[in-house]
Amino acid sequence: MQKTLLQWYEANGRHELPWRNTTDIYHIYLSEIMLQQTQVNRVRDEYYPQFLAKFPTLKSLGEAPLEEVLSAWSGLGYYSRARNLHKTAQLTQGKLPSEYKELLKLPGIGSYTASAICSFGHHQGITVVDTNIARVIKRFYALLDANAKNIDTHAAQLLNHKESRAHNLALMDLGSLLCLPKNPKCDICPLREQCRGKEEPELYTQTKKTKYESLELFYGIYIRNNKIALTQTEGSMYKGMLELPSVEPLEEDFLRSFKHSYTKYRLTVNLYHLEEIEKKCIWIAMDELHAAPISSLVKKALL
Ligand code: SF4
């Protein structure tokens, strides 16, 4: 089965992904962090090359001011990832450790990222279990209600110790190209013969529906001498970022409203024109906004 899987991967795998064609551990690490919440195509075509053009080494990332890093991360969301990358770059002084346990001690590196760095970067014989691989494992072994530990144990049973890196990448691609959450393509799957869950694959991977929360937000826009007033965010989610000053719902000077989604939130954002401002603010020239650490919500409101 391992051999069939590798043959399938050789012919069908996503070998062109840039982070699969590098030995630079920082590049592999960066790709894993970006891929946590962002689609592969967008990471490959936009964010990964742009970020590396600005910060080509982990050392250069650690030496850059946090605001610059957050600005380069703009559009990717989940800004704690950028703050943790920056912290890790500073703590390691540009050189990541190669041991799984040491990697786990670094900010923002959990068990998945540590194992991905060890397997994809250092070719260590270790299992890597992302959501795609977990889905394959659950179906392959017909595991109902399996927890993470259970899935890890089964993934370890399946691991090809001689070709662990290719094996993990093959399972990942199989999950993303064939063993899809809905309507998996079992008829052309190389694991079909041995797969115990192929008769009812979706039974093993039923997911709970995400509950969305609706929120209404109110922001003011105040421009003076071609500069806009922004404020420093306070919540931990957007820490270090700049946002529009929040206002109380107003009767007058309404500009427009728009919809925006963020994690589990479905936001209605209302914008108002302000004649004056009481809050302490930071003035950013309108033509420098693109380089400021602002979220995609603020971009949507202004650009
Ligand atoms: S046979 Fe179907 S359910 Fe089993 S691993 Fe392949 S695609 Fe997934």
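Reader: How are helices numbered here?
Author: Helices are DSSP runs of H or I with at least four residues, strands are E runs of at least two, and both are numbered from the N terminus. Residues are numbered from 1 along each chain as its sequence is written, and side-chain values use heavy atoms, without hydrogens and water. This is a predicted model, where local features need pLDDT of at least 70, side-chain atom pairs count only at pLDDT 80 or more, and totals for chains, interfaces and linings use all residues.
Reader: What comes just after H9?
Author: Ala142, which takes a positive phi of about 50°.
Reader: And what caps the N-terminal end of H9?
Author: Asp130, with a side-chain oxygen 3.2 Å from the backbone nitrogen of Asn132.
Reader: Different topic. Which residues touch the most other members in the largest nonpolar core?
Author: Phe51, Trp73 and Leu244, out of 55 residues. A nonpolar core is a set of buried Ala, Val, Leu, Ile, Met, Phe, Trp, Tyr and Cys residues joined through side-chain atoms within 4.5 Å.
Reader: Which helix gives this core its largest share?
Author: H2 (residues 25-35), with six residues.
Reader: What about a second core?
Author: A separate one has 31 residues, including Ile137 and Leu169. Ile137 is also one of the buried residues of H9.

Notes: Buried < 20%, exposed > 50% of the residue type's maximum accessible area, 1.4 Å probe, protein only. Polar contact = N/O pair within 3.5 Å; in protein donor to acceptor, adjacent residues only side chain to side chain.
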